[in-house]
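Keep the structure open beside you as you read.

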Amino acid sequence: GKHVRLINSSRRLYCSRMAEEAKKLAAYAAVDNHIQNNQVIGVGSGSTIVYAVDRLAEKVRQEKLNIVCVPTSFQARQLILQHGLPLSDLDRHPELDVAIDGADEVDTALTLIKGGGGCLTQEKIVAGCAKHFIVIADYRKDSKALGQQWKKGVPVEVIPMAYVPVSRAIARCFGGEAVLRMAVSKAGPVVTDNSNFILDWKFEHAQNWKEVNTAIKMIPGVVETGLFVGMAERVYFGMEDGSVKTR
Ligand code: 5RP
């Protein structure tokens, strides 16, 4: 038993190192290919975007680029400030040249599940304001059909007082189960940057994601869904063999 546990834990360590390397590869490739002087740039959220902001800061310093950054979350705002990059917002810059963000899962049609980090609403707003929306991910996010890789379901941001009726409506209309996301401490629900709750909808079968996205948005109390349909223009996957695959 002890032996197996040891092997499993070293395998986990190996896999997570490989995934980190893959995130970095994807992030660097996206920044190198899409960032130019005089751009307004949307900065996504999560662990992969950290590598993109590192690269962006490096490029700005080396090439003396004149850019501004619009964050998609409190985390992104902190990242921008920590790297000494110019911070802006949609009031001043409602049109972005490019937005770069991570994803929890990407299918062959470039439909995304996002919101693993709970920032889906602001991420979708910022992506929607960008001329080009670029996604960066490691090989674990690459999927033939949504649900094959990301097992936690589709995140849906909801107004707190509506979480029970919204959860029931989703299950009734589309099957599966929509579960309130709890804080790691289990002391209470996760609260988003917009002071809302998150339901994770564990769906049972593939659906028409464009229709489902629209239908869920029509339920009173729903703020936004983590389904990004027809938004991503290009995805960079960092692969296990050290290459970068684009779609
Ligand atoms: C946050 C997101 C993230 O982009 C997504 O969860 C991917 O995160 P990571 O880069 O850590 O895998 O949608 O709301």
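The largest pocket of this predicted model has a volume of about 430 Å³. A pocket here is an open set of points on a 1 Å grid over the protein atoms alone, with protein on both sides within 12 Å along at least five of seven lines, and lining residues have an atom within 4 Å of a point. Grid points are joined across faces, edges and corners, and a volume is the space filled by probe spheres set on the points. The lining comprises 28 residues, of which Ser45, Gly46, Asp104, Gly116 and Gly117 are the closest to the pocket's centre.

What takes up the space of the largest pocket? The ligand does, where sitting in a pocket asks that more than half of a molecule's atoms lie within 2 Å of its grid points. Around the ligand are 17 residues, and Ser47, Thr48, Asp104, Gly115 and Lys141 come nearest; being near takes a heavy atom within 4 Å.

A polar side-chain atom of Ser47 lies 2.4 Å from one, a backbone N or O atom of Ser45 lies 2.9 Å from one, and an N or O atom in the side chain of Asp101 lies 3.4 Å from one. The protein buries 91% of the 380 Å² that the ligand exposes when taken alone (Shrake-Rupley areas, 1.4 Å probe).

There are also two cavities of 30 Å³ or more, a cavity being a set of points where a 1.4 Å probe fits but cannot get out. The largest cavity holds about 50 Å³ of space, and its lining includes Val31, Ile35, Leu56 and Ile100.

As for confidence, the chain averages a pLDDT of 96, on a scale from 0 to 100 for each residue. The complex has an ipTM of 0.97 and a pTM of 0.94.

Local features need pLDDT of at least 70 and side-chain atom pairs count only at pLDDT 80 or more, while totals for chains, interfaces and linings use all residues. Residues are numbered from 1 along each chain as its sequence is written, and side-chain values use heavy atoms, with hydrogens and water left out.

Note on methods:
A polar contact is a pair of N or O atoms within 3.5 Å; within protein, one must be able to donate a hydrogen and the other to accept it, and residues adjacent in sequence count only if both atoms are side-chain atoms. pLDDT is the predictor's confidence in each residue, from 0 to 100.
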